[in-house]
Amino acid sequence: MSDLLSSEIDLEKVLAGADEELAVRPDEPSLPPLEWAGKNLFGTGQGSIGAIVRGTFLTVIFAGLALLAYRAVLNFIFSENAGWDSVRINLRLLFTQAYPDENYTRVWVTVGVVAVLAGLSLGMTKVGPGFSFKRIATWLFSWGGLIVLGVLLREPSVLTDSNGETRFADSRGVELVRDTNNSLVYQNNDPAPSTGISALRENFGAAMGDRLGWWIIGLALLAIGAAIWFVLGDLRRRTTFVPAIPLALAGIGLLVSTTWWYRWGHYTFTEEGGFEYGPGELVATSTRIPWTIMFVLLVVAYLGGRLLARATASGPIRIGLSAAWLLAPFFTYYAILRGPIMDWAHVVSTDLPLWVLFAGLGGALLWLLTRPGLGEIGRILAVVVLAAAAFTWVGAFFGWFSMLQKVRLSVLFLGLTALLAPNFIGEARQRMKLVVGWVGFITIFHLLVTLINTASSIETPSEDFAGGFMVTIYVALFTMLFSFPLGVLLALARTSRMPLFRVMATVYIEAFRGVPLITMLFFFTVFVNIFLPGSMELSLMAAVTIAFVLFSAAYLAENVRGGMQAIRRGQYEASDALGLTTVQRTGFIVLPQALRVSIPPLVGQTIATFKETSLLAIVGVFDFLRMARDVVPAQTEFLGTRKPGLLFISAVYFIGAYAMSKYSQRLEKKLGVGER
Amino acid sequence: MSISDATTAVSEEMASRADMIVSDGVDKWYGDFQALKGVTATIKEREVVVVLGPSGSGKSTWIRCINRLEQHQDGRIMVDGVELTNDTRNIEKIRSEVGMVFQSFNLFPHITVLDNITLAPIWVRKKPRGEAEQLGRDLLERVGIPEQADKFPGQLSGGQQQRVAIARALAMEPRIMLFDEPTSALDPEMIKEVLDVMKELARSGMTMMVVTHEMGFAREVADRIIFMESGEIVEVGPPEHFFTNPTEDRTKLFLSQIL
């Protein structure tokens with residue numbers, strides 16, 4: 001009855017001050033733990049024996065299965081012969097293949113760029129209140145509980161003799177020793193029985209004693225969780241928040257700081273090509289210093305981002321930051337792979353004049369095309385440029401004349417930009433937008449092409465890229481960058497009123513969705529070079545990236561199309577009634593809404609691409625998976641040791657995929673503002 | 001029904017004004033179903049015409065033909081002297097002069113109220129952003145919700161959304177406003193605020209064509225009422241004549257059902 005009264009009062013309060021802050025749900029003590037467990041796990045409280053039997057049965061079965069699986073995983077992770085050294089020693093190999101040591105600074109520069117951008121972005125995002133203490137306490141309980149449970153569940157360690165060899169005993173507990181042939185016998189040289197022999201393990205008490213460190217961590221987490229839970233009380237638990245990003249930064253900081261005081265061990269390759277083990281030592285300085293610098297960069301950039309977010313011009317800064325994120329893959333790819341040996345004569349004789357030509361004449365053409373009152377002539381001119389672009393491709397295909405790829409692409413881009421010109425007709429400022437956009441775009445494009453075409457002084461073991469996780473990350477990144485616009489264009493084409501576009505897009509999408517990705521990868525690595533005109537040749541990495549882009553675009557197109565179908569007809573009618581052109585309607589009304597609706601499938605596709613890069617291992621690229629599956633187990637010291645490597649890369653894949661999924665959830669929430 | 005019949009009901013003064021909308025024998029089919037059967041009427045400058053009729057009578061279809069949201073198959077539609085044909089330049093010209101307000105508002109949910117209003121002036125009329133925003137705020141002031149400029153449409157009530165939709169149409173500075181059942185999707189307590197805005201608009205001399213079921217509004221504001229049924233114009237006349245002394249049996253039946 002009192003509940004009823006209080007809710008009525010709340011309702012009144014809300015009605016009276018709808019614009020004021022929302023009323024807080026009143027303090028409502030949660031169920032005591034035993035009652036909670038009974039109700040949720042064992043079906044009590046419904047007054048039915050059947051419910052109790054059913055609930056208890058299901059809980060016992062599934063909890064038992066979960067515990068068994070947990071125990072098996074822990075037993076493997078902590079077993080003496082799991083072979084984690086193969087991962088520890090090969091960390092660098094797994095992530096960057098044998099990237100030359102003397103150039104390693106470049107890899108760190110790359111990580112640094114990402115750290116700075118990430119810090120700025122984190123600083124500039126508008127975040128919610130963060131994690132409530134209730135959530136943190138729950139989190140501490142879960143992890144503390146899992147750790148304590150793990151400590152109790154894990155089988156006791158095997159006992160070793162003074163030489164570090166495992167001790168064995170028969171089923172009666174009588175110990176066995178190794179003879180000169182390395183087979184197990186009794187002390188008096190009697191042969192051992194063929195069954196009932198197992199490794200000798202410490203007793204339960206000793207095992208628990210050995211895990212003192214884990215006990216402390218687990219119990220400490222539980223204790224802190226309990227303290228937060230019981231000291232604060234329900235209302236304050238729910239309404240006191242810890243900001244999420246500083247909390248995450250503190251976590252990362254703690255992890256990085258361990259390299260200075262926790263003895264992770266020092267494992268490294270030696271000059272002679274062997275390995276050097278140093279358990280119980282601090283990690284190498286060459287690991288510790290860079291990571292510390294990265295962390296400092298991250299924090300400084302975060303604080304800088306916080307300041308910038310308050311600046312008056314934060315809008316343009318945000319746009320600049322997005323542009324930096326877009327350019328980062330190209331920049332870092334270049335930074336890692338190119339020690340440019342500039343051919344200045346070529347730059348002066350060819351590259352600069354071409355840039356001046358396209359930036360200058362192209363800009364002038366666009367300026368002309370946006371002149372008010374130009375009418376149909378503008379469209380005709382744009383089509384003429386496009387036709388010229390098409391002609392250069394056809395000409396190159398049949399070998400009529402030779403022409404730089406860069407020139408052909410530039411003409412094509414100019415033609416496409418010219419098509420946009422009618423939307424920018426107007427006063428000088430409006431026209432300038434298009435011209436400036438064009439000059440900026442063509443400058444970046446020419447710069448990138450020139451830089452990429454410059455010979456490099458860096459030699460990587462794979463023909464054109466470092467391997468390991470770096471390949472995974474770059475193929476995934478470039479796939480997303482290129483397949484996204486392509487997918488959007490395909491979706492537009494498929495929903496277009498022009499039958500030619502519609503048919504072509506439909507054929508493309510259905511064809512690529514109907515072929516397994518691995519088949520496409522083989523096709524592109526083996527056959528595509530045969531179809532290319534004589535002068536062109538695709539490297540392995542370029543070929544597989546193109547395959548990924550084309551494949552992923554087909555799926556993205558379907559996702560975007562799904563989003564477009566969710567838009568109501570009234571939106572189109574309102575746009576038409578206002579006199580928006582088709583391009584304006586698509587760009588301002590249809591796509592923004594369609595993309596928002598399709599965020600979950602788009603992120604799903606991105607995660608899929610990230611994971612599917614592991615197929616590269618099959619077509620001969622030294623990616624993350626191949627390193628763990630083939631390269632490490634081929635080392636003489638770790639012959640055949642696959643399990644720890646595979647477990648490790650699974651963890652890395654999981655962290656990447658999970659982070660993306662979390663980010664998409666946040667994005668959905670953020671863009672939910674103003675949802676119908 | 002012919003044009004001459006329709007215009008006899010209009011005063012001398014009205015007859016001397018310019019024709020804004022001329023609909024001459026307009027036919028429209030959906031498949032085998034004929035939605036409009038030779039609809040003929042002329043709407044003068046600064047005139048407010050209310051189109052009444054039972055649902056399915058073709059009144060919405062007719063009004064949507066006038067800015068080419070639907071395409072008529074036969075007959076002629078002239079808007080401010082420009083004939084609607086397949087020529088896209090004519091369609092663009094007419095759409096930029098005709099504002100439309102829909103039953104379901106059709107605001108763009110992903111941009112703010114102010115952006116909803118300024119989008120078309122900036123991109124279609126090529127107005128500088130600052131000028132467009134000033135115009136947008138002035139229009140929000142005019143429809144009575146200046147404080148909602150930076151909210152998203154989903155945060156507004158139905159009546160407020162419809163007023164934003166009116167402001168959005170007015171931002172294009174149209175010569176004609178079409179209203180397609182603007183209050184039908186509204187809760188009763190919100191209808192008045194929208195009708196008030198429309199009345200103010202009518203008093204300001206806007207040429208208006210309104211499809212509605214609001215008899216009070218029709219009686220108070222309309223210069224002329226056009227009654228449609230089964231895709232035809234049944235009766236045309238000033239409100240006092242229409243509501244008190246209708247000539248056609250079908251009109252009488254309709255009025256007896258709703259009044």
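Before moving on, some housekeeping. This is a predicted model, in which local features need pLDDT of at least 70 and side-chain atom pairs count only at pLDDT 80 or more, while totals for chains, interfaces and linings use all residues. Residues are numbered from 1 along each chain as its sequence is written, chains are lettered from A and ligands numbered from 1 in the order in which they are written, and side-chain values use heavy atoms, with hydrogens and water left out.

Stop 1: Helices (H or I, at least four residues) and strands (E, at least two) are DSSP runs, numbered from the N terminus. Patch residues have over 30% relative accessible area and no salt bridge, with like charges joined within 9 Å and nonpolar side chains (Val, Leu, Ile, Met, Phe, Trp, Tyr) within 5 Å. A salt bridge is a side-chain nitrogen of Lys or Arg within 4 Å of a carboxyl oxygen of Asp or Glu.

**Stop 2: the nonpolar patch.** Select Leu254(A), Trp260(A), Trp261(A), Tyr262(A), Trp264(A), Ile289(A) and Ile293(A), a nonpolar surface patch with about 770 Å² of accessible area together. Such areas come from the Shrake-Rupley method with a 1.4 Å probe, and for residues only the protein chains shown count as cover. Two or more residues each come from α10 (244-261) and α11 (285-310) of chain A, and α10(A) gives the most, with 3. Trp261(A) is in helix α10 and, at 53% relative accessibility, counts as exposed.

**Stop 3: helix α22(A).** Jump to residues 569-577 of chain A: 7 of the 9 residues in this helix are buried, so it is largely enclosed by the rest of the structure. The buried residues pack against α23 (582-597) of chain A, together with α3 (59-66), α4 (88-97), β6 (98-101) and α7 (158-170) of chain B. Just after α22(A), Gly579(A) takes a positive phi of about 85°.

**Zoom out.** Chain A has 26 helices and 10 strands, and 36% of its 676 residues count as buried.

Key:
Buried means under 20% relative accessible area, exposed over 50%, partly exposed in between (1.4 Å probe, protein chains only). Contact means heavy atoms within 4.5 Å.
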